[in-house]
Amino acid sequence: MILGLDTTGRDLKLGLSSEGGVRRRLFSNDLRHSRQILPQILQFLEEEGEDLKSLQALAFSQGPGSFTGLRIAVGVIQGLAYGLNLPVIPVPTMAIVAQAAGQQAGVARVLIAMHAREEEFYGAFYEGCDDLIPRLIGQAQVYTAEMLANHDLASWSLAGDGVFLMEEQADQTQGVIDITSPDVQNLLQIAEAMLAAGEVVSALEAAPLYVRETVAQKSRQ
């Protein structure tokens, strides 16, 4: 059984993955995760008839996202993983959105745009979004719409809460998929596949994913 958590936004999203499927819970916290996350994890487990001893691994939405939320998630994950001697599965937040978009629209290639600040967004190109683990092409980075003006986007779909910044490019793509934030069910689907492939880290290796500003590539094939 895998416990998954997402603190990248204003809500705390928890999920349990087991042979019976994924069980989910949403707590609206307005970023007050630090005071409530541990009690709510224990409450969630109790309500689902489980406890910490039932867990085989821990997964979390790795970012990008709320700086405070990411630090809280990592702290909680590290504490639980160390205390329970469990492996950790860090799942990039944009990969979670990419898988959800691929499943919903039945497409393989998705450009994820997550709003960062003002006219900038975190962008990442994913292939295999209709598979269990989307594949990142190149690297995630900070973009503006102008930086993608000369990219060939004809074979790509768009998803994420930063797509509104790409209005001029949207007509040049396969279209916009209405997925704006990560879902813990997709987080756990990816986590299960990563666990089966041995793609885990130790408690001390668990860390947020920060997307930094780099020079955009000039073309995408």
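## Overall size and make-up

For 221 residues, a compact globule would have a radius of gyration near 17 Å, and the protein agrees, with 17 Å. That radius is taken over C-alpha atoms, and the globule rule is 2.2 Å times the number of residues to the power 0.38. This is a predicted model: local features need pLDDT of at least 70, side-chain atom pairs count only at pLDDT 80 or more, and totals for chains, interfaces and linings use all residues. Residues are numbered from 1 along each chain as its sequence is written, and side-chain values use heavy atoms, with hydrogens and water left out.

The C-alpha trace spans about 50 × 30 × 30 Å along its principal axes. The protein holds 5 helices and 10 strands. Both are DSSP runs, numbered from the N terminus: helices are H or I with at least four residues, strands are E with at least two.

## Surface and contacts

Of the 221 residues, 49% count as buried. Buried means under 20% relative accessible area, exposed means over 50%, and partly exposed lies in between (1.4 Å probe, protein chains only). The protein exposes about 10500 Å², and carbon and sulfur atoms supply 48% of this area. Accessible areas come from the Shrake-Rupley method with a 1.4 Å probe; for residues, only the protein chains shown count as cover.

Take the contacts between residues at least 6 apart in sequence: 64% of them join residues at least 24 apart. A contact means heavy atoms within 4.5 Å.

Two strands pair if DSSP finds at least two bridges between them.

Strand 1 (residues 2–6) and strand 4 (residues 57–61) run parallel and are joined by 4 bridges. Here G4 has A59 as its bridge partner in strand 4. Strand 4 also runs parallel to strand 5, again through 4 bridges. On that side, A59 is partnered by I89. In a regular strand the side chains alternate between the two faces of the sheet. In strand 5, V88 and P90 point one way, I89 and V91 point the other way, and all are buried.

## The sheet of strands 6 to 10

Another open sheet has 5 strands, ordered 8-7-6-9-10, and its pairing is mixed. Its edge strands are strand 8 (135–144) and strand 10 (175–176), each pairing on one side only. Helix 3 (residues 93–105) packs on this sheet. Helix 3 touches strand 6 (110–117), strand 7 (120–127), strand 8 and strand 9, and its direction makes about 135° with that of strand 6.

S157 stands opposite G175 in strand 10.

## Aromatic pairs

The protein has 3 aromatic pairs. Rings of Phe, Tyr and Trp (its six-membered ring) pair if their centres lie within 6.5 Å; planes under 30 degrees apart count as stacked, over 60 as edge-to-face and the rest as tilted. F67 and Y210 are stacked, at 5.9 Å centre to centre with 25° between the planes. F67 lies in helix 2 (residues 67–84) and Y210 in the segment after helix 5, so the pair ties together parts 143 residues apart in sequence. F67 is exposed at 56% relative accessibility, and Y210 is partly exposed at 31%.

F125 and W156 have ring centres 4.9 Å apart and planes at 80°, so this pair is edge-to-face. F125 sits in strand 7 and W156 in the loop between strand 8 and strand 9, so the pair ties together parts 31 residues apart in sequence. Both are buried: F125 has a relative accessible area of 0%, and W156 has 1%.

## A193 in helix 5

A193 belongs to helix 5. A193 counts as buried, at 16% relative accessibility. Leaving out residues up to four places away in sequence, A193 touches L132 and I133. The C-alpha atoms of A193 and L132 are separated by 6.5 Å, although these residues are 61 apart along the chain.

How values were computed:
Axes fitted to C-alpha atoms, helices over the stretch in contact; angles between N-to-C directions.
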